[in-house]
Amino acid sequence: MFKRHKFLASERKRELTSPGATRSILKNDLRNFHSLSQFILSAGPLKSIPAVKHSKTTHFEIEILDAQTRKQICIVDKVTQKSTIHDVKQKFHKACPKWYPSRVGLQLERGGPFLKDYITIQSVASSSIVTLYFTDLGQQVSWTTVFLAEYTGPLLIYLLFYLRIPYIYDMKESSRRLRHPVVHLACFCHCIHYIRYLLETLFVHKVSAGHTPLKNLIKSCAFYWGFTSWIAYYINHPWYTPPSFGNRQVTVSAINFLICEAGNHFINVVLAHPNHTGNNACFPSPNYNPFTWMFFLVSCPNYTYEIGSWISFTVMTQTLPVGIFTLLMSIQMSLWAQKKHKIYLKKFSSYMHRKSAMIPFVL
């Protein structure tokens, strides 16, 4: 049995070592190599595995001190580079709940300007530890609340005087004397003015998301509400005398008032356009609307139309309180216009040739 197995093994070895067998084995190997190479080529080039980048995020530690006593209030940690002052205020509010973000004023140094909410920590940090000084700004209200309160008050107050409530005027005098048509027209124009203000505040103006101290709301309301009471008392008084030049003076003034109101509205719509805000800001340009052509002459045409409205209302009613209010508003708006005009000169010098701030060729 053993000899038979040995004989078969020797025969198999003889077949493998013969020349014919060798050639067949080589052909099979070449055929297999060719198939493997075709498979590799059809698979395409080898793709390199992208290296994983490990980004290092720098964190800052914000030390908040009291601006008056310089005592440490709290430490806000794990603040990233892209975090803003607003984010710091939010974290500060979590650490000290009695100070909500709009009430917090942060400074880089005592007595310095308050940092805006959009400023990033990276832009003010000189090291990983940043020291900020805290000031309590007091009770705050949003700008939208301020504007709505400013404009709603005059609208309602004027209507109370127009209705001649018994507690304001003598009932006998009110019933005995008929109102001149200019009284009704003045009420209409006054209501149109403040209704436009309210609607633009809600739907046109992009009111800042910031806040202002409560005392500013009180001062603004006292100014607008007080003057409206004085103006309305005179115009709606039973002894009110109409303008000197009669209906011609009233008609021309009323038409000019409505033109200025329309111009003011269209200018505010242009100023609220998205292309005129943000980092890619450009100077507002007039369009096909004739009311916007005032941009060719002045940089703040909204103030131009506003003053035009009040001058027209003064001439139409011919009353001293309206004249005083118009004078004060003109002074204030001229200051605002000059301040904005200087900013426009720095940003858009190429657009500001031969332009005035508010009054063409004068101011």
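Q: What counts as a strand, a helix and a pairing here?
A: Strands (E, at least two residues) and helices (H or I, at least four residues) are DSSP runs numbered from the N terminus. Two strands pair if DSSP finds at least two bridges between them.

Q: What is the basis for the numbering and the values?
A: This is a predicted model, in which local features need pLDDT of at least 70, side-chain atom pairs count only at pLDDT 80 or more, and totals for chains, interfaces and linings use all residues. Residues are numbered from 1 along each chain as its sequence is written, and side-chain values use heavy atoms, with hydrogens and water left out.

Q: How do β1 and β2 run, and how many bridges join them?
A: Strand β1 (residues 59-66) and strand β2 (residues 72-80) run antiparallel and are joined by 6 bridges. Phe60 stands opposite Val79 in β2.

Q: What about the turn of that hairpin?
A: There are 5 residues between β1 and β2. Arg70, in the turn, has a positive phi of about 65°.

Q: Changing topic, at what angle do α5 and α8 cross?
A: The axes of α5 (residues 143-162) and α8 (residues 214-235) cross at roughly 20° and come within 9 Å; axes are lines fitted to C-alpha atoms over the stretch in contact, with angles from 0 to 180 degrees between N-to-C directions. Therefore α5 is roughly parallel to α8 (angles under 35 degrees).

Q: Which spans does UniProt list as "transmembrane region"?
A: The unreviewed UniProt entry lists residues 141-161 and 319-337; such annotations may be inferred rather than shown by experiment. In the model, residues 141-161 are 90% helix and 10% strand, while residues 319-337 are 95% helix and 0% strand.

Terms used
Parallel < 35°, antiparallel > 145°, perpendicular 65-115°, else oblique.
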